[in-house]
Amino acid sequence: MIKVHHEGVGILISFFLVFVVACITAFFYAHWLVFWVVLLASIVLMGLALNFFRSPHRYNPAVNEEGVLVAPADGELVVVEETFEEEYFRERCLKVSIFMSIFDVHANWFCCNGVVKFVGHAEGNFLKAYLPKSSVENERSAVIIETPQGHRILERQIAGAVARRIVTYPEENDQVTINDFIGFIKFGSRIDLYLPLGTEIYLKPGVKVKGNTTVLGKLPSM
């Protein structure tokens with residue numbers, strides 16, 4: 001049985017009611033062929049919506065491993081590169097980006113254990129999330145986590161061309177682990193991680209990853 005994320009309950013109920021009204025209207029007032037087209041379209045769209053808002057139960061036993069980094073979202077690893085993070089850290093970091101299509105689970109997890117030091121939100125555009133400039137031009141949220149080893153990690157949720165709402169759960173000083181949700185992005189998006197130089201990433205761009213399951217790498221020793 002599919003477990004639905006609570007962020008999708010209201011939307012799914014609205015979709016269901018609209019589809020029911022459309023089918024009833026087509027049944028009584030349209031040609032029988034139109035009714036079947038509306039019915040089949042409603043079933044397909046409802047299935048896609050349920051798939052998007054699914055919320056699988058996951059637990060990663062690596063939660064007790066020091067310095068472990070876990071994928072914060074389902075999707076494709078699209079970037080692993082050194083870059084200058086200019087919005088918060090203002091220093092060179094290792095950037096890791098995961099692109100989520102509309103077919104991926106859109107619940108997001110923390111990539112590491114630690115304490116939340118900052119939570120912010122910036123308005124912006126809705127460029128396609130796989131474009132590099134979407135990281136700094138699109139609507140986005142930012143969460144900075146300080147690990148038990150003293151590293152500061154920036155985890156950024158980015159809205160895409162379809163995604164129009166970012167939900168971010170943590171508050172400053174929250175104690176979090178890789179098994180906790182950081183938030184949810186509705187309808188296609190991206191997550192960027194800004195990590196300290198020296199972080200070891202085990203995977204290369206182009207690989208599909210699974211949120212709260214795939215181990216991305218390990219933070220450097222302090």
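Which residues form a nonpolar patch on the surface? They are Val9, Ile13, Phe16, Leu17, Val20, Ile24, Phe27, Phe28 and Tyr29, with about 980 Å² of accessible area together. This is a predicted model: local features need pLDDT of at least 70, side-chain atom pairs count only at pLDDT 80 or more, and totals for chains, interfaces and linings use all residues. Residues are numbered from 1 along each chain as its sequence is written, and side-chain values use heavy atoms, with hydrogens and water left out.

- Patches are built from residues with over 30% relative accessible area and no salt bridge; like charges are joined within 9 Å, and nonpolar side chains (Val, Leu, Ile, Met, Phe, Trp, Tyr) within 5 Å.
- A salt bridge here is a side-chain nitrogen of Lys or Arg within 4 Å of a carboxyl oxygen of Asp or Glu.
- Accessible areas come from the Shrake-Rupley method with a 1.4 Å probe, and for residues only the protein chains shown count as cover.
- Ile13, one of the patch residues, sits in helix α1, residues 9-29.
- Helices (H or I, at least four residues) and strands (E, at least two) are DSSP runs, numbered from the N terminus.
- Ile13 is partly exposed, at 49% relative accessibility.
- The cut-offs are under 20% relative accessible area for buried, over 50% for exposed, and partly exposed in between (1.4 Å probe, protein chains only).

**Spans listed by UniProt**

- An unreviewed UniProt entry lists residues 9-29 and 35-53 under "transmembrane region".
- UniProt positions follow the numbering used here, feature names are shortened, and annotations may be inferred rather than shown by experiment.
- Residues 9-29 are 100% helix and 0% strand, and their end C-alpha atoms lie 30 Å apart.
- Residues 35-53 are 95% helix and 0% strand, with end C-alpha atoms 27 Å apart.

**Nonpolar core**

- The largest nonpolar core has 27 residues.
- Such a core is a set of buried Ala, Val, Leu, Ile, Met, Phe, Trp, Tyr and Cys residues joined through side-chain atoms within 4.5 Å.
- Leu69, Val96, Phe110, Leu193, Leu195 and Leu216 touch the most other members.
- At least two residues of this core come from each of β3 (91-100), β6 (140-146), β7 (152-159), β10 (181-186) and β11 (189-195).
- Strand β3 gives the largest share, 4 residues.

**Cysteines**

- The whole structure holds 0 disulfides, a disulfide being a pair of cysteine sulfur atoms within 2.5 Å.
- The closest cysteine sulfur to that of Cys111 is in Cys112, 3.9 Å away, so the two are too far apart for a bond.
- Cys111 is buried, with a relative accessible area of 0%.
- Cys93 is also buried, at 2% relative accessibility.

**Positive phi angles**

- Arg90 is not a glycine, yet has a positive phi of about 55 degrees.
- Arg90 lies in the loop between β2 (75-85) and β3, and is exposed at 57% relative accessible area.
- Asn212, also not a glycine, has a positive phi of about 65 degrees.
- Asn212 lies in the loop between β13 (208-209) and β14 (215-218), and is buried at 1% relative accessible area.

**Contacts across the sequence**

- Phe99, in strand β3, is partly exposed at 22% relative accessible area.
- Phe99 and Ile191 are 92 residues apart in sequence but 6.7 Å apart in space, C-alpha to C-alpha.
- Glu172 is in the loop between β8 (165-168) and β9 (175-176), and is partly exposed at 45% relative accessibility.
- Glu172 and Val119 are 53 residues apart in sequence but 6.4 Å apart in space, C-alpha to C-alpha.
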